[in-house]
Amino acid sequence: MVTISSVAEIGVGLVGFGMFFLLFGVLLYMDSVLLAFGNIVFLCGLAVIIGLRRTFGFFFQKEKLKGTSFFLGGIIIVLLRWPLLGMLLETYGFINLFRSFFPIAFGFLGSLVNSSFLNKVMKSWGDPVRNRIIVK
C-alpha cells in the first residue's frame, strides 16, 4: 500500500479542485474567472505534490520548452480574459508536455479494463493477416 503524506494529500486536493474549476469553467461557456482560478489552483497543487524544484525541473527541460511556453502562455492569455484562445494554447502545450506520459496512462487504463471484447479488438488490430482487405 502506498502511503501519502498530509502535504501530498493537500496537493491532490488542490489538483482535484483545479480540475473541477477548469471543467466547470469550460461547461459555463469559457468563464475566464473560473478557468484562471482552476489554472492557478492546479499548478499550486502540482507544486505541492512533487515540490517546487521538481516542478520547475519538469517544466523547464530543454526538450519541453515549446510545450511549457504554450502552456504557461495559455494561462497568461486566460488571465488576460481571452479564455478561448488561452485554453487552445494550453491544450496544445499540455499535449506537448505530457506526450511521453500518454502511452503509459493508456496502457494502465487498458490493463484496468480487461475485457475479452477489448482483447479481441486489440489482437485483430495487431495482426496484419486479419487486417488484409480481400477484394474478389
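Predicted model: local features only at pLDDT ≥ 70, side-chain atom pairs only at ≥ 80, totals over all residues.
## Helix α2

Helix α2 covers residues 32-50. It has 19 residues. From its first C-alpha to its last it reaches 27 Å, close to the 27 Å expected at 1.5 Å a residue. Just after α2 comes Gly51, which takes a positive phi of about 95 degrees.

An α-helix has 3.6 residues a turn, so residues three or four places apart point the same way.

## Leu43, a residue of α2

Leu43 lies in helix α2. Is Leu43 buried or partly exposed? Leu43 is partly exposed, because its relative accessible area is 21% and buried means under 20%.

Leu43 also meets residues from elsewhere in the chain. Leaving aside neighbours within four places in sequence, its contacts are Phe59, Phe71, Leu72 and Ile75. Gly18 is 25 residues away from Leu43 along the chain, yet their C-alpha atoms are separated by 8.0 Å.

## Aromatic pairs

A search of the whole structure finds nine aromatic pairs. One of them joins Phe70 and Tyr92. Their ring centres are 4.8 Å apart. Their planes stand at 80 degrees, so the pair is edge-to-face. This pair links distant parts of the chain. Phe70 sits in helix α4 and Tyr92 in helix α5, 22 residues apart. Phe70 is partly exposed, with a relative accessible area of 29%. Tyr92 also counts as partly exposed, at 36%.

Phe94 and Phe98 form another aromatic pair. It is tilted, with 4.6 Å from centre to centre and 45 degrees between the planes. How exposed are the two partners? Phe94 is partly exposed, with a relative accessible area of 31%. Phe98 is buried, at 19%, because buried means under 20%. Both residues belong to a cluster linked by ring pairs. Its members are Phe58, Phe59, Phe71, Phe94 and Phe98.

## The largest pocket

The largest pocket has a volume of about 290 Å³. Which residues line the largest pocket? They are Met19, Leu22, Leu23, Val26, Met30, Asn39, Phe42, Phe71, Met87, Glu90, Thr91 and Phe94. By class, the lining has nine nonpolar, two polar and one charged residues.

Helices α1, α2 and α5 each supply at least two residues of this lining.

## Ser69, a residue of α4

Ser69 is found in helix α4. Ser69 is partly exposed, with a relative accessible area of 44%.

Key
Residues numbered from 1 in each chain as written. Heavy atoms only, no water. Helix = DSSP H or I, 4+ residues; strand = E, 2+ residues; numbered from the N terminus. Expected span 1.5 Å × (residues − 1). Buried < 20%, exposed > 50% of the residue type's maximum accessible area, 1.4 Å probe, protein only. Phe/Tyr/Trp six-rings, centres within 6.5 Å; stacked < 30°, edge-to-face > 60°. 1 Å grid on protein atoms, 1.4 Å probe; cavity = no way out; pocket = protein on both sides within 12 Å on 5 of 7 lines; lining within 4 Å. Points joined across faces, edges and corners; volume = space filled by probe spheres on them. Nonpolar A, V, L, I, M, F, W, Y, C, P; charged D, E, K, R; others polar. Contact = heavy atoms within 4.5 Å.
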